[in-house]
Each structure stands twice: as structure tokens, then as C-alpha cells.
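Q: I would like to learn how to read the space between parts of a protein chain. Could you take me through an example, starting from the general idea each time?

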Amino acid sequence: MQLHWTKQISTGILLVALTTQMANAQQKNNIYQDGWIDFNKNNRKDIFEDPRQPVDKRIQDLLSQMTLEEKTCQMATLYGYGRVLKDEMPNAGWKDQVWKDGIANIDEELNSLPYNRKAQTEYSYPFSKHATAINTVQRWFVEQTRLGIPVDFTNEGIHGLCQDRATPLCAPIGIGSTWNKALVSRAGHIVGREAKLLGYTNVYVPILDPARDPRWGRVVECYGEDPFLVAELGKQMTLGVQDEGVAATLKHFAVYSVPKGGRDGDARTDPHVAPREMHQIYLYPFRRVIMEAHPMGVMSSYNDYDGVPITGSYYFLTQLLRQAYGFTGYVVSDSEAVEYLFSKHHVAADYKEAVRQVVEAGLNVRTNFTPPEQFIMPLRELVKEGKVSMKTIDSRVADVLRVKFRLGLFDQPYTNPKLADKGVHTPEDEAFALQLNRESLVLLKNDKEMLPLNKQQVKHILVTGPLADATTHAVSRYGPSNNKVVSVLEGIRQYAGKDIDIQYTPGCDIVNPGWPGTELVPTPLDATEQASIAEAVSKAKAADVIIAVVGEDEKRVGESLSRTDLSLPGRQLQLLQALHATGKPVIAVLINGQPLTINWEQQNLPAILEAWFPGPQGGTAIAETLFGDYNPGGRLSVTFPKTMGQIELNFPFKPGSHAGQPSSGNNGYGRTSVNGALYPFGFGLSYTSFAYSNLVVTPEKQASQGDIQVSVDITNTGKRKGDEVVQLYLKDKISSVTTYVMQLRGFERISLEPGEKKTLHFVLHPDDLALLDRNMNWTVEPGEFEVLVGASSEDIKLKKGFVIE
């Protein structure tokens, strides 16, 4: 009898539990009303839950309902599964975590990275499974937290979306070399669309740092060295992403890309940049993109400027960003930028003081690869101690909520998984990625029309070099993973088919034992290295032509990497010299992420093709180009110096700063240095030729507030269809302060059939003519200006002047 009674009690408890679960489930279902969601679960439509209400009114209503705990949770990032988050899916333990009160964003959630085993997850693919998983995580925050504030799911996207099998793009330095605004816009649309379909709501793209020092490891992740080019391409990427309903977060704000000596890694500090140069070069892309494309995010960098860490600078994060540029989104810190105030910059006595400084400066959200409570708890203490006001907290949180409202997360917090499998990495996207790879290629040398190779005449090819069969450079930490990569060797083999005999040997490794120390004190080749080069020479003797794929890989250039020499690393030059000595023509294909000082190569090899870090289809694009199915039309977005001793050598530059040394006249004994660029900014060759004519500038006299119209005719005078990148530079003849010799102020990539002519039109706005005067005000000064149009910064075809009265 006792047993029967116990069984009844147990059954009763189970029924009560089931009833409670059903009631809870019913309550959850009830929060989804017709046209609105009851996020705070109070069974009435609050102002913040009403899609018809103005955003600012919704923000204020929600803020009025939030506790200190909930507000501070909206000021931190939770790094996704395999970084900080240990659970793939929500569980009961989440109720004991700090994010029981919400979280600002979750970064790289369930995206799988090949180099991080802890982040590998079954939920990254198929795409619909990932979208469903993100919905599950989002649903927990909407249904299980008191106010139900949705999460902003962030991810990287500079090479394409950082997601398992998303559409992969070539490196940003390659994207910059396309000089193709329409192409970059479409790339942004693809990144934004794929993010949206997969459940991400915010993408960390574009990088707007001008790459002014080629030693710096992250040159590979920048569009180029010129602020106008970076601004124009960055604007298109931002607009493309945000047109798809996803936030774009610009990085890295600001003056990040020139740490002292170009040193990355543990340095990343002390940029030696004067105030005027800072605004005209390093801040120009951010100002333009923020004011013209209205991004919803900005990432603050972890360097200092003139002794003040950027992430703790009220001037940068508030006065410049918000008051001057009109930024209305939220600022997220680069990982560890907050901690560096204490651990590296030593402007805070402890971490808690660092937290106070960054919040007062204008930081909205702290990001690091550590638990979010490490930031949230000291922030709460600071508020309770009266060291940070609730007014400041409300302002920072309002910025985060504003982005979430603008993204529609309070109206539709979930994505539709059914659309993901059909809409991510489509055949059209794959074809686009291949075209982007093609247009990123830059032909640096082509003596006696060595290229393109004639399939009918070339029957035996040796493919050699340590990068010929390499693939890892095509997969970035900040881009898609697990896509098939076509190496240059495979691309050539596929293209050649059975008609051409393709032989292969690597010739040497990317680097030799003891590198990079052997760049300081050279060592003789060991027996293995000698044998490897000898094998390449032996095979070269039977070849009609040699294709040597040389350069760098992702272990030589990238984040936390910087170089002390810019020549080909390892024994690669010795390999090229040995191959050249056979008398057979050697074509160099460069796989690299930064300018290289390839002087011997330029003097001795008949053809050089710059491929940068191509995407997974790079081998196909390179093969098509070598054999002439594609005519290369890319242009350099960075200057190639002849030697490290010339650095800085970049565009734009001030009068006299790139000048040589006089060899006659007064003090005319200056023959101690090498002058000039190896390849100037904007340089690139083609398999065809182009003529420039009929440059028209109107009006010839104009008030300072008017636009200047420019037109020019371009004709393909060769025998092949080809692309020309028409570049417009502007020269200010006389000014109140020293200005740059000339500045890029327009460009257009066009494709022309043989004999075809096109008329291009450019518009110069007052902002294009403006300079920072002696009082540091942007001003269009009266005087003479000159329009210069050409094929590179050193190949000017036509000039014409106008006057601002």
C-alpha cells in the first residue's frame, strides 16, 4: 500500500511538472503576437515592442525597464562556441551565466574554423542547419531572459563571410587591385546576403586602414595605400553589406596600420603620424564611409596615438566619430584593446580603471577571447561606486539597442532556414569569385610579349617553385573555410589537358633552415637544397618554358606577422637564378601579401604576374591568364619599393619627399642611394594597348561650392579585348599649407573590344578639392588646379587646368 501511494505521489509530481512545462511552452508561444512580440512577457504591447513606434521612443521605453545588470550585459561580447562559449546549444546551465540578463553580441557562433579544432561543430553545415542553430540560440535569449533582448550575431567577412563553405573571395589586397567599384559592391552584397541567410546580423568589414608600410603583416588585409581608393572601395563594400539588411562594422579605427617600424605582433603601437597627415590619410576613409554609407558599426583599435590609446580616447570615439562624422551605431573594441590600457599602454593602474576610461571615452561593447563577465562585473562596481554615471551607461546601451532596432531584431529576430541552402554559395557566387580572382591579377612585366603563352607552340612546361602546389594561402582566418582550393599547378594542368606535357618539382621550400636569421647572415645551401634546385634545373632543360610560382604564404605575412626584409624569402631567388641560367624563359607568378623588392627578377625575367593571395579558384584564374583566355587588367594599389631603405615610399606624397639626390650643381655629389619605385602606385600592364584623348574640364572657372565636370575618351588600340583602369589625379598648384604632389580623385575600370572607344565622365566635388588649412579646417582655397588623367601615378597621359575663384 505504501508503495502504491508513493507511486501515486511520483506520478502526481510528474504530471505537475509536465503541466508546468506545457504552461511555460504556452507562455512562450503567446509572446509571438500578430505583428509584434511580447519580449518582456507582460501580456501587453509596450512601446519598445511596437514596430510602428519611432526607434528613439522604443529605445527609451526599453531602457526605462532595464536593470543595471541588463544594461551592462548589453556592453559585452560573448565569443562563440569553441572560443569562450563552451556549449553548442543552450542548456539549463545558461541560467547561471552572466548572459541570463542578455548580451550585446555573440561573435563567430558555430562557424567552424579549420585551424581551431575547438570551434569545429556539426552545426556549421549544411547552411540550413546553421540557420536553425542560430535561431535556437536567439530563441533562448528572446524567451528565457526577462526582457528578451535579441542578440546581434557578429562575424568576420574581409575575404568573404567567415563561415564553413561560404563564398570565398581573394585577399583584400587583391580586391583593391581590381580597382572595380561595381565588383566590390557585388562582393558586399554576397557577404551581406550570406550572413543574413545564415543568421548573422553584423559583419566586421571592410578594413579601411591604408597600408602605408609594406613591412606590416596586415598589408594583405587592406585594399591599398591610398586613402581615396580605400574610401571608394570601402564605401561600396559597406553599402553592399548593409543593403542586405546586415550591419557593417568598419575596422580598425584609427591610425592602426603604421605601428612603429611596421612591427605587428606584440607591438602595434606608437604610430609616427602628424595630425594633418592623420586626418588626410588615415582618417579620410573612415570619415568618407561613415558620412556617405552610414555603417552601423565601428571597431576601435588597440594602438595609441600621440600617447593616448584609441579605445580610451574621448577625442577619437566621441568627438571625431560621433560629433564630427555623425556616426550613430555602436563601437566594439578590437580583442584585448580594453585590457591593453592596463597591460600594455600603462595609462590605467588596474583593469577596472581601464574599464572606466574606455566607457567614458565612448566604447559601447568590449570584445575579448575571455568571459564577458570579466568586463561586466567591474563595470557594475564602477556604477555602484559612482565612478561611472547611469547617464553614461544609458547612452552607451542606447547605441547598441539602436542598431538592434535598425536591424529589425525586435520585429523579426529569426532567419528562415529554408532559404539558406539555396541562397548561400550559389553557382553564380562561385562564378563571381572566379571573376574577382581574375580582375585582381596584375601583370608587372611582359617583355617581347612573352605572355600569353601559345598553346599550339608550347608543348613542354616545367611548373616549379614552393608555391606552385600550395593551397593554405587561399584560406584566411577571416574568411570562409573548407572550400576546395585549386593550386596554380592544378589550374595549369586542368587548362593544359593532354595537349601539353606538364612537369613539376618544387625546387625549394618557402623558407630555408635558420630563416629569417639567414637574411641577416646568409648561409650556404645544404646538400638537400642543392639537390632540389638541381632537379628543377634538370627538368628545365627539357621544357619550352618555365613557370615559377614564388612568394610568401600565410606563415610569412598576415596578422601578428611583419618582415624585416621584403625580398623573396628562403632560397627562392637562387632557384630563379639557376633556372634563368639554363637559357629557358622563366615566367614568375607571385603569391604574396605585400610588396616585394624583386629587383633581380624585374631585370632578368621576361614576364612577372602578381597574383597576391588568391581565393580557392586562384589556380584557374592564373592559368587562364597565362594562356590568354583572360587579359589581366588589375593595377597596383600599393607602391613596390626597390629596397627597404626607401621606406616610406608610398602614394600620395609631399613635394620633394620622393626626390633623388643631385649629381651636379651645388652639393652635386649625391650618388649614394637608389631612387624611384620598382613599380609605382596604379601600375599594371595588359595584353593590349590604350589611347587617351579629348580631355575636357568644365567649367574652367568655378566658385568653391560648385562641381567640376571631367570627361575623357579611351580607345583600345590593340588586337585583344582588355580592361583599362583610368585614373584621375588632382594637383593643387599653390596652397596655404604643403599639400601632396597630386591626389587620386577618381578612377574607373572599363572593358573595351579592339578598336572600341568609350567616353568616361568624372565629377570633382568640393570635398575632392579641400585641404586642411593652417587652422586645421577643411577648406577649398581659391587658385589654380590641374586635372591629370593616366594609366598610373607615373604614367600621366593628359593634363588640363581649372581655376577656383
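**Reading an interface and its pocket**

A: Across the interface of domain 1 and domain 2 in this predicted model, the rule finds 21 residue pairs in polar contact, both residues of each pair being at pLDDT 80 or more.

Q: Into which domains is the chain divided?

A: The chain is divided into domain 1 (154-422), domain 2 (441-646) and domain 3 (690-804). The C-alpha centres of domain 1 and domain 2 lie 34 Å apart, and 43 residues of domain 1 are in contact with 33 residues of domain 2.

Q: What is the area buried between domain 1 and domain 2?

A: The size of an interface is often given as the accessible area lost when the parts come together. Here the area buried between domain 1 and domain 2 is about 2,700 Å², with carbon and sulfur atoms giving 57% of it. On the side of domain 1, S177, P214 and R215 supply 20% of the area that this domain buries against domain 2, more than any other three residues.

Q: How many salt bridges are counted between domain 1 and domain 2?

A: The count between these two domains is 2 salt bridges. The side chains of R268 and E559 meet in a salt bridge, at 3.9 Å from N to O.

Q: Why does the largest pocket lie between domain 1 and domain 2?

A: Rolling a probe the size of a water molecule over the atoms shows where empty space is left. The largest pocket lies between domain 1 and domain 2 because both give residues to its lining. This pocket has a volume of about 670 Å³, and of the 33 residues that line it, R218, E221, R477, Y478 and E559 are the closest to its centre. The lining residues divide into 12 nonpolar, 10 polar and 11 charged.

Note on methods:
Residues numbered from 1 in each chain as written. Predicted model: local features only at pLDDT ≥ 70, side-chain atom pairs only at ≥ 80, totals over all residues. Heavy atoms only, no water. 1 Å grid on protein atoms, 1.4 Å probe; cavity = no way out; pocket = protein on both sides within 12 Å on 5 of 7 lines; lining within 4 Å. Points joined across faces, edges and corners; volume = space filled by probe spheres on them. Nonpolar A, V, L, I, M, F, W, Y, C, P; charged D, E, K, R; others polar. Domains from an automatic or database assignment. Contact = heavy atoms within 4.5 Å. Buried area = accessible area lost by both parts, 1.4 Å probe. Salt bridge = Lys/Arg side-chain N within 4 Å of Asp/Glu carboxyl O. Polar contact = N/O pair within 3.5 Å; in protein donor to acceptor, adjacent residues only side chain to side chain.
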